Amino acid sequence: MRPFSYARATDLAQAVHLGRQTGQGQTDAPVQLLAGGTTLYDLMKLDVMVPDRLVDLGPLRPKLSSITPSAEGLHLGALAKMAHVAAHPVVQADYPALAQSLQLAASAQLRNMATLGGNVLQRTRCSYFRDPTWAACNKRNPGSGCAALTGFNRNHAVLGTDSSCIAQYPGDWAVALMALEADVSLTGPLGSRRLPFASLHRLAGGQPQFETNLQPGEVITAFFIPASKRAQRSVYVKVRDRTSYEFAIASAAVALEMDGDLVRQIRISLGGMAYRPWRAEGAEAVLTGKPLTEANAEAAGRAALAGAAGHGHNDYKLTLGPQTVVRALMQAKALPPASRKA
Amino acid sequence: MTFNPKSLFGRPTPRIDGVAKVTGAARYASDELVANPAFASLVTSEIARGHITGFDLSRAKAVPGVLDILTYETVGNQIKAPLGPDGGPTTTTLESNRIWHDGQIIAVVVADTFESAAEAAGKVHVSTMAEAASASFGAPGVEVQAITAGRPGEKTKGNQTEEKAAADAAFAAAPVKLDVRYATPPQHHNPIELFTTTCVWDGPNLTVYEPSQFMWGLKTATAKQLGIDPANVRAVSRYVGGAFGSKGNQTSRTAWIALAAKRLGRPVKLVPTRAQGFTIATYRAETRQHVRLSATADGKLTSMFHEGWEVSSRPSSYKVAGVEATSRLYAAPVIATAVNVVHADRATPGFMRAPAEVPYVFALESAMDELSYALNMDPIELRRVNDTQNDPVSGLPFSSRLLMPCFDQAAEKFGWSKRNPKPASMRRGEWLVGYGCASSFYPNNIGPAAVRISLAPSGKANVSMAAHELGTGAYTTVAITAAHSLGLAVKDVTVHLGDSDLPPVPVAGGSNNAATTTHVVVKACADIRQRLAEAAVAAEDSPFHSADPATLILAGGALRNADGLSEPLSKAVPRTGGRLEVYAENIPAGLPASAMAQLYNGHPLMSRGGNRKDVTAYAFGAHCVEVRVHSLTREIRVPRVVSAFAAGNVINPTTAHSQYMGGVIWGISSALHEATEIDPVSARVINANLADYIVPVNADAPSIDIIMVPENDDRVNPLGVKGIGEIGIVGMNAAISNAVFHATGKRIRELPVRAEKLL
């Protein structure tokens, strides 16, 4: 229980103006942007996020929630609700991995509230991060250490970690965005820019308090996913402890274009095992130009986890990760070829 | 009882409190309206072992609306410490500066509003001297307390029991043997209703609104802790939003809230957080177990040895000692058991739905499955070969035991015959398919109880007793029993429960509630019938004048006889007064006459199915489950379960079905999902919320088929009623784990079974 003030942004310029003190997403930034609230309220109740002020982006929703397919690709406003995008027939038909990643996320209630932009910024589920009574958490208190290294780390990352933080990126949708090579549009105090989604999230790099490359005041306004044959033949596989309403212990997105029996183009990304949304380019290289046999899929799975390191309770991801990739590859192979021409 | 109990029971009846519950009209303890309450918030420890060296309360006291802060320095000596679940010592809270476990209550902040209290609680600064904490088994610093004889009456010989020596010899000589170890995790009840307490003083009289499984226990224990006359304490809990064993003991909070209200001269209300529920109440302790079974080549057990290790707190020796149960299941000629308590820097555990059976039957029923493969024998047939109608420990007959009929009916409906016995041989698409089974059983317990029933000339009855509605349907079973005994419609009976101003009923635990309450209600109703009949035969204006009162019955709202004569209650009742009110007590066979007086003092004696002098009384059941394990990624799903139970006369098939089904689903949870995670270094709970403490969602329990096998057990108790609150969960964890083995060929001996163990 702590007091905070609340402001409603009347337009994008004002949101950017009010959001100048958002820092780069540190938990102790004095201002936080509010979209669906499904992560922010949760962490405020846990005293992890302690903003003095919330800037509600809700009034921008009419302008920033469109779902606009075109021949070039899919434009999605950042304030579109997960549920709406998941149910859109074009998303389901031409970008199935995107639809699946949304349908398999969270619960119906959360999907009705949560926005796309907020979703990619959701915070890790690391228990030591989510409970401020733990002193050692470099993500909350830079320089304090990492309790998860010696603690219970079953749901921690095996890829992209360093000794400053082994937290796992928890989301699904961002994993699908990686495989479909999305771009993200931002507007900030210095104007608007568009960058590959793959460059939005940072590695820990000894500074896990900075999770993204967003500049202070920058607001995510849209996502663009290019149309392609492989987007049409894409899948998202999510492995989790229970059938619904649960985060992944491993997930993989695959976008596949075949040339006869050979892989012409493939994109593979991983969730539930990495510090940030993770593109497995090494695994893609293993398969490109080769037949998609089980043996080749297994080799790709191993390549996807190259360099991975466990911390005890999460060692199983070193085995589960490759298996998840194989499963996703085989599911993609079983899909009919894309109907679009190019 | 001069009538057939079957005439009372067995008709499916909707819950009489169902509408009140779904519309919010049902008042749970923290819904009770009290005037001008202040609000309490708890400060809990962030270390698991050490001492408090000081408080800085300045920032907390500066929060507007803060009224009082209780700490050991201010109130430590003002209450008597509560007793643990076993009646022995347990961890303390504000009594001293000692910290026994993570999340221990160390201060209570009281303020004008809930928000102020919570904010101030977050601003209490506590200085501590922390010591290295031992989290669980294997940690440096745990103390093992051996309790050599696991069952009462076991004789010791040197360092071990005579039974153990005999079991060792039989094991050594047997052609087929199994020697395996199992482990089960800590689990928390997580009832949806939190561990709330509201205390209101009126002069010397205290009312405690608190969810409880034992109204008279809460009343007397709170009085003892406060050093006041129990007559001055009233405990109220008309509805309980789930308890599962977590709300039956003396608590670590109640007396402090009462003291806070007294200091303030104002009602005080505490609604702790979900996370605090993981540390201020009890839990199911983790266990390690060792099982040795030996058998002849045709599957007859020649010996059984079962030893358990259970975690407890430093001061408490509480244990569930489930070997008491597992030693009763099969006809082994030599049975030896042992139990050990391992003291760690943890909160004191306590009862949790089928406390002894859930962990210990997992081990035994997993071991039986392993033995069936060692014997190359169908696991159901192995149980048939070792079935018995006599308690293998005492030699007494079971009051009734329909274990194999349960297996046969469950197996038939399940399609067990389609099972290919070879592990990892069945498949559907990408998924490996496994079938597994396990026995279920639970002792039949019954206690003393009292009730007050009044009958008005209008034909409306009131039943009042301090029984407990935990979500089981207790209001409805009491109403059914009274209505059918008095010849009324269920809607004409009003039931009052959950208030210690009403006649006492023992703790709603050990599945005794149904048997205990129905017997005393039937007794009171028999008294009503008797008095109406005697008044009628004495009255000249009655059609029954001069008849034998024993020939009169109550049916259809009238006094009747076999000749078709009748007299409505509107005429029969006024002969006895304005309304006919009776008070009745029932003491089950085998309990002393003092049992009722002891119950009034808060001590519930219980006739337990496992230590009766005449018979051993258990209910039995059988589970058949199908699991699917993904061939690559190894997620485990349970597409269907068929479970059969034989538990005497079923009072209300509607709520009985819910009880069984709920137990089965919780068994899925026990097998695949639930575990409280303890940080190995700090001994702190790290998944104290319902997102990270995983329980099944609807999609995890798509098809649960419950078979109620008819059973006439006229030796268990006069009404042939057996409690069913716990039996549904017993053995489910083993049945699923056994099915996982069948699907994959991989034996998992440590719960929960999760994907990573099958990779």
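A salt bridge is taken here as a side-chain nitrogen of Lys or Arg within 4 Å of a carboxyl oxygen of Asp or Glu. The model is predicted, so that local features need pLDDT of at least 70 and side-chain atom pairs count only at pLDDT 80 or more, whereas totals for chains, interfaces and linings use all residues. Residues are numbered from 1 along each chain as its sequence is written, chains are lettered from A and ligands numbered from 1 in the order in which they are written, and side-chain values use heavy atoms, with hydrogens and water left out.

Over all chains, 61 salt bridges are counted by this rule, and four are found across the interface of chain A and chain B. Side chains of opposite charge can pair when their charged atoms come close. B:Glu635 forms such a bridge with A:Arg327, with the closest N and O atoms 3.0 Å apart. This pair runs between chains, from the loop between β27 (618–630) and β28 (636–646) of chain B, where B:Glu635 lies, to helix α13 of chain A, which holds A:Arg327. Helices (H or I, at least four residues) and strands (E, at least two) are DSSP runs, numbered from the N terminus. A:Arg327 also meets the side chain of B:Glu430 in a salt bridge, at 3.8 Å from N to O.

The interface was also described by contact, meaning heavy atoms within 4.5 Å. By that criterion, 31 residues of chain A touch 32 residues of chain B. About 2800 Å² is buried between the two chains, and carbon and sulfur atoms give 57% of this area; buried area is the accessible area (1.4 Å probe) that two parts lose on being put together, summed over both. On the side of chain A that touches chain B, β9 (234–239) and α13 (317–334) each supply at least two residues. Helix α13(A) gives the most, with seven residues. By class, this side has 11 nonpolar, 10 polar and 10 charged residues, where Ala, Val, Leu, Ile, Met, Phe, Trp, Tyr, Cys and Pro count as nonpolar, Asp, Glu, Lys and Arg as charged, and the others, Gly among them, as polar.

Grid points are joined across faces, edges and corners, and a volume is the space filled by probe spheres set on the points. Nine cavities of 30 Å³ or more are found in the whole structure. The largest cavity holds about 710 Å³, and of its 45 lining residues the closest to the centre are A:Gly117, A:Gly118, A:Leu121, A:Gln122 and A:Arg123. The largest share of this lining, four residues, comes from α8(A). The second largest pocket has a volume of about 620 Å³.

Notes: On a 1 Å grid over the protein atoms alone, a cavity is a set of points where a 1.4 Å probe fits but cannot get out, and a pocket is an open set with protein on both sides within 12 Å along at least five of seven lines; lining residues have an atom within 4 Å of a point.
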